[in-house]
Every structure is written in structure tokens, then in C-alpha cells.
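I opened my notebook for a friendly walk through this model. Here is what I looked up, entry by entry.

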Amino acid sequence: MKPSMMFAASLFALATPATAQERPDLPPDPVVARVLDTHPMVEAAGADVDAARADARMLKKGPHEVILSGSYIRRSVDREGDFDEFDGTVSRAFRLPGKARLDREAGSLGIEEADNNREDARHQTALMLMNAWHDWLLAGALARNDMAAVANYERLLGAVERRVELRDAARLDAEQARSELALAKTRLANSESDLRAARARLRATFPDLPLPDAPLPPATPELPHAGLDRLHDLVIERSHEIRAAEFRADRFDVLGRRALRDRTADPSFGVRLFSERGGAERGTGVVFSMPLGGGYRSAAADKAVAEASRARLELVNTRREVMATADADLSNAATRFAAWQASAEAVRGAESAANLSHRGYAGGVTDLSDLLYIDRQAIAARREEIAARIAALRAIMKLRVDSHDIWAPDEKQSDATPQGS
């Protein structure tokens with residue numbers, strides 16, 4: 001075994017009942033956590049958090065800085081001579097009462113918004129991994145099923161050809177069996193192509209995820225212990241998308257109030273030193289300046305208030321979207337699980353009929369054409385059961401991922417409620 005395959009096998013060996021891995025056909029939770037945390041989309045969102053922290057420091061300090069200005073003049077006066085004159089001013093603007101507090105509040109809310117956006121990016125990446133992994137499981141299960149069908153038809157063709165040699169069967173029977181074998185090989189070729197494509201997509205999207213040579217057989221679908229209804233509620237309660245929208249709306253509310261206050265400009269105070277007529281006149285004074293607000297500041301305030309209103313409406317829309325996702329997840333998990341149960345029952349009936357027909361053909365009771373027809377039904381039933389099994393596993397898994405019941409950091413300590421929400 002190659003070293004890389006040995007490493008992958010050792011990682012997947014972690015997914016045992018001893019480590020409470022609920023589904024052995026999934027990658028181990030520690031591996032998933034590492035892959036998600038190092039995904040470019042998650043790390044980019046982490047960079048946004050760093051930017052929000054820097055922005056909060058900027059807002060805390062304020063935009064005003066000490067300004068140093070000065071001038072030097074060489075003056076010539078008739079019949080008096082030349083004089084060196086200079087002046088210097090040190091000044092700084094100061095935020096009016098209440099502005100600094102609003103700036104600090106906006107910075108803090110910006111950090112919370114960015115942090116929840118990062119967690120939502122991790123959640124979206126987990127959904128990408130979940131879908132890509134289940135595509136691989138589906139392709140692998142279909143390929144194994146088609147491989148078993150090919151082996152079954154090869155055995156059947158050998159038995160039919162032996163009967164033809166013994167003149168116990170017509171050559172037409174051998175041609176029918178050979179045709180079914182060719183169709184089975186076609187299905188196998190297509191499923192193996194799908195398997196390679198699914199693996200390639202998974203490898204390209206998550207290159208740091210170690211993969212075994214082939215996917216494990218898909219697990220038996222089971223309803224979550226927490227209950228579908230409880231997970232449905234947790235999709236909404238733990239939604240980082242809603243939290244980010246709440247913090248965003250609160251931040252724009254603060255920025256709107258800040259813009260209204262900024263209609264009155266901040267004053268500047270400073271000290272001026274000057275020397276004139278070569279030092280004959282010297283002085284020290286206090287300087288004051290203040291911009292007179294006009295239409296620009298009023299329009300900026302109106303814009304900020306409108307943006308705050310838009311952020312509140314976007315929050316309403318986000319809540320509706322998350323509630324729709326939760327409802328769809330709940331419905332999909334329940335119906336897909338029921339569909340898989342029905343398909344599993346169909347497989348049991350089809351396989352029982354196939355076994356009876358094979359025994360009947362061996363005993364000379366069943367015609368080959370009837371046997372091949374029943375076999376085709378059994379193969380179709382097994383393929384439908386595989387598709388229904390993966391669909392049920394995927395639907396239940398999506399509900400668990402969306403509710404942060406799996407592949408997510410502990411949510412127990414992350415129930416902070418944004419101000420003003």
C-alpha cells in the first residue's frame with residue numbers, strides 16, 4: 001500500500017464505534033474540522049474578521065489626528081530693512097459628545113457580524129463537503145452493484161453455454177444471456193466513470209481531505225436521536241446567517257444615528273505661536289475652527305438612515321429564507337427516509353423473486369427469458385434502493401449540518417443576542 005493510502009486508511013480507522021463516529025461511511029470528525037477550518041473560503045472569511053477588528057480599532061481612535069502647520073516669511077520693509085517672520089500652529093479636532101460611543105459600538109457590532117459570517121462560511125463549506133461526499137458514496141455504491149451484476153451474468157452465461165453444449169438449451173438462450181451481460185458491462189462502465197468523476201471533484205474541491213481507494217458502503221439511514229422537529233428548530237436558533245444579518249442591521253442603525261450626529265461637524269482647537277519683524281513682535285494664541293454643515297452632511301445622514309432601513313428589511317428576508325430552509329430540510333428528511341424504507345421493501349421482494357427464478361431455472365421449471373426479466377427487475381430495484389438510501393442519508397445529514405448538530409463547533413456558548421434585536 002502506498003504511504004498516502006496508509007495515511008488515509010489510518011485516518012479513516014478513527015471512524016469506529018469506539019470514537020462515537022455515528023456514520024462510519026463519513027470521514028472522521030477531526031479530519032472534517034481540519035479540512036473545513038483550512039478551506040480558502042473559511043480562511044478568507046477569517047481575514048474579514050481581522051479586517052473588522054482593525055476597523056473597530058480605527059473607530060475607537062477616531063478619524064482626527066494632530067495637525068501641525070506653519071509658515072516662514074522673509075519680509076522687506078522700506079527704510080527699515082529685512083525681517084524673518086514665522087508662525088506655527090498645532091491643532092486637533094475632537095468628536096462631539098456621543099460620537100465616540102457610537103463609533104465604538106459600530107466597531108464592536110462589525111466584529112460580531114464578521115465573526116458570524118465566518119461561521120456561516122464554514123457552514124456553507126460543510127454543505128459543499130457533505131454533497132460532494134454523498135455524490136462519491138452514491139457513485140461507489142452503484143459501481144459495486146453493477147460489478148456484482150456483471151459477475152452474476154457471467155456466471156449465468158457460463159451455465160447457459162454449458163447447457164447449449166449438452167443440447168439442453170437453445171443457442172438463442174446463450175445470445176440472450178450474452179446480450180444481458182453486455183448491458184450490465186455498459187452500466188458498469190458508466191458507473192465507474194461517474195465514480196472517477198465524483199472522486200475527482202471531491203479531490204479538487206478538498207485537496208487536503210485524505211481519501212481511501214474506494215468509498216465505504218453507505219450506512220443504513222437512521223432518524224436523528226434529537227428528533228427531526230428539534231433539529232428543525234435548531235436550524236433557525238443556531239443560524240449564523242441570521243445572526244450576521246442581525247448584527248449588520250444593528251450596526252447600520254448605529255451608523256445611521258452616527259450620521260445624524262455628524263450633521264454638526266467636529267470642532268478643532270489648537271495653539272498658535274508666531275514671531276514677526278525679526279522677533280520684535282512675538283505671541284501665543286488659541287485657534288478654533290469648525291466646518292459649517294451644509295447639504296452634503298444632511299444628504300449623508302439621509303443615506304445612512306436609508307441603509308439602516310434596508311439592512312432591517314434584509315434581516316427579515318434572511319429570517320424567512322432560513323425558516324424556508326428549515327421547513328424544507330424537515331420535509332425532505334422525513335419523506336426521503338420513508339421513500340428509502342419503501343425501496344428497501346421492494347428490494348427484498350425483487351431479490352426473493354430472483355432467487356426463486358434462479359432455482360426454477362436450475363430445475364428446468366423457469367424459462368431463461370423469465371429469469372432475465374426478473375433479474376432486470378431485481379437490478380433496477382437495487383439501483384433504486386441505492387439512490388433512495390443516499391438521498392435519505394443526504395437529507396438527514398443536511399438537516400443535521402444546517403442545525404449545527406454535526407460538523408460544527410460547539411454552539412452551547414454562542415447564543416449571544418445582538419443589541420437592539
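**Entry 1: a threonine in α8**

I started with Thr318, which I found in helix α8. I kept in mind that this is a predicted model. Is Thr318 buried or exposed? With a relative accessibility of 12%, Thr318 counts as buried, because the cut-off for buried is under 20%. I then looked up its partners, leaving out residues up to four places away in sequence: Thr318 touches Glu241, Ile242 and Ala245.

**Entry 2: salt bridges of Glu314**

I stayed with α8, which runs over residues 295-362, and turned to Glu314. Which residue of helix α7 does Glu314 pair with? I found a salt bridge between Glu314 and Arg248, with 3.5 Å between the closest N and O atoms. This pair links distant parts of the chain, since Glu314 sits in α8 and Arg248 in α7 (residues 240-261), 66 residues apart. Both ends came out partly exposed: I noted 33% relative accessibility for Glu314 and a relative accessible area of 24% for Arg248.

Glu314 also forms a salt bridge with Arg310, where the closest N and O atoms are 3.7 Å apart. Why are these two about one helical turn from each other? Arg310 and Glu314 are four residues apart in helix α8, so about one helical turn separates them. I logged Arg310 as partly exposed too, at a relative accessible area of 39%.

**Entry 3: other salt bridges**

How many salt bridges does the count come to? I got 35. One of interest joins the side chains of Arg230 and Glu237, at 3.3 Å from N to O. Arg230 is partly exposed at 40% relative accessibility, and Glu237 is partly exposed at 45%.

I also followed a network of salt bridges that links Arg95, Lys99, Asp103, Arg258, Asp262, Asp266 and Arg297.

Which residues make the nonpolar surface patch of about 390 Å²? I wrote down Phe94, Phe269, Phe288 and Met290.

**Entry 4: the buried side of α2**

Next I went to helix α2, residues 29-37, where Val31, Val32, Val35 and Leu36 are buried. Why do they lie on the same side of α2? Around the axis they cover an arc of only 130 degrees, which puts them on one and the same side of the helix.

**Entry 5: the nonpolar cores**

I then looked up the largest nonpolar core, which has 25 residues. Those with the most contacts inside this core are Leu129, Trp133, Leu202, Leu209, Met397, Val401 and Trp407. Which elements give two or more residues to it? I listed α2, α4, α5 (171-205) and α9 (368-402). The most comes from α4, with nine residues.

A second, separate core has 17 residues, and I noted Leu156, Ala177, Leu181 and Leu371 among them.

I went back to Val401 and asked which residues it is in contact with, leaving aside neighbours within four places in sequence. The contacts of Val401 are His123, Ala126, Leu127, Ile406 and Trp407.

What is its phi? Phi of Trp407 is near 60 degrees, which is a positive value in a residue other than glycine. I made a note of it because most residues other than glycine have a negative phi. Trp407 is also buried, with a relative accessible area of 8%.

His404 lies in the segment after α9 as well. Its phi, too, is positive and near 60 degrees, again in a residue other than glycine. Is His404 buried or exposed? At 9% relative accessibility, His404 counts as buried.

**Entry 6: what I take away**

Glu314 has salt bridges with Arg248 and with Arg310. Trp407 is one of the residues with the most contacts inside the largest nonpolar core, and its phi is positive.

Conventions: Residues numbered from 1 in each chain as written. Predicted model: local features only at pLDDT ≥ 70, side-chain atom pairs only at ≥ 80, totals over all residues. Heavy atoms only, no water. Buried < 20%, exposed > 50% of the residue type's maximum accessible area, 1.4 Å probe, protein only. Arc of directions from axis to C-beta. Patch = residues over 30% accessible without salt bridge, like charges linked within 9 Å, V, L, I, M, F, W, Y side chains within 5 Å. Areas by Shrake-Rupley, 256 points an atom, 1.4 Å probe, with all protein chains shown as cover. Salt bridge = Lys/Arg side-chain N within 4 Å of Asp/Glu carboxyl O. Core = buried A, V, L, I, M, F, W, Y, C linked by side-chain atoms within 4.5 Å. Contact = heavy atoms within 4.5 Å.
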